[in-house]
Amino acid sequence: MPAGDLIATDQQGRSGDDQDIQRAFQILHEVMDPEVPVVSVMDLGIVRAVRWLDGHIHVTVTPT
């Protein structure tokens, strides 16, 4: 599935709360850089924002 595409069951989205955002940040701490697999995307400082938009969590990153 191309980046940004939604599966059919997820197209409506849902309402979220702060706990969902906190969980997203926890997960992002586990996403490792493919070139340096001991450093997470959070450690790299490339995650700029995590927010709810149209019923989905959107993560904004700045490429290195």
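## Strand E2 and Ile-57

Ile-57 lies in strand E2. Strands here are DSSP runs of E, at least two residues long, while helices are runs of H or I, at least four residues long, and both are numbered from the N terminus. The model is predicted, so local features need pLDDT of at least 70 and side-chain atom pairs count only at pLDDT 80 or more, while totals for chains, interfaces and linings use all residues. Residues are numbered from 1 along each chain as its sequence is written, and side-chain values use heavy atoms, with hydrogens and water left out.

Buried means under 20% relative accessible area, exposed means over 50%, and partly exposed is in between (1.4 Å probe, protein chains only).

## The chain as a whole

The chain holds two helices and two strands. Their order from the N terminus is α-α-β-β. Of the 64 residues in the chain, 17% are buried.

The accessible surface of the chain is about 5000 Å². Carbon and sulfur atoms hold 52% of that surface. Such areas come from the Shrake-Rupley method with a 1.4 Å probe; for residues, only the protein chains shown count as cover.

## The hairpin

Strand E1 covers residues 47-53, and strand E2 covers residues 56-61. They pair in the antiparallel sense over six bridges. Pairing requires that DSSP finds at least two bridges between two strands. Trp-52 has Ile-57 in E2 as its bridge partner. Ala-49 stands opposite Thr-60 in E2.

E1 and E2 form a hairpin, with two residues between them. Asp-54 sits in the turn and has a positive phi of about 55°.

## The core

Which residues make up the largest nonpolar core? There are seven: Ile-21, Ala-24, Leu-28, Val-41, Ile-46, Val-47 and Val-50. Helix H1 (18-28) and E1 are the elements that give two or more residues to this core. H1 gives the largest share, three residues. A nonpolar core is a set of buried Ala, Val, Leu, Ile, Met, Phe, Trp, Tyr and Cys residues joined through side-chain atoms within 4.5 Å. In soluble globular proteins, nonpolar side chains tend to be buried together.

Ala-24 is in contact (heavy atoms within 4.5 Å) with Val-50 and Ile-57, leaving aside its neighbours within four places in sequence.

## A surface patch

Ile-57 also belongs to a nonpolar patch on the surface, with Val-59 and Val-61. Together the three have about 210 Å² of accessible area.

## Loop and tail

Val-39 is found in the loop between H1 and helix H2 (41-44). Val-39 counts as partly exposed because its relative accessibility is 22%. Which residues does Val-39 contact, leaving aside its neighbours within four places in sequence? They are Val-31, Met-32, Asp-33 and Leu-44. The C-alpha atoms of Val-39 and His-29 are 8.9 Å apart, and these residues are ten apart along the chain.

Thr-64 lies in the segment after E2. Thr-64 is exposed because its relative accessible area is 84%. The C-alpha atoms of Thr-64 and Gly-45 are separated by 9.2 Å, with the residues 19 apart along the chain.

How values were computed
Patches are made of residues with over 30% relative accessible area and no salt bridge: like charges are joined within 9 Å, nonpolar side chains (Val, Leu, Ile, Met, Phe, Trp, Tyr) within 5 Å. A salt bridge is a side-chain nitrogen of Lys or Arg within 4 Å of a carboxyl oxygen of Asp or Glu.
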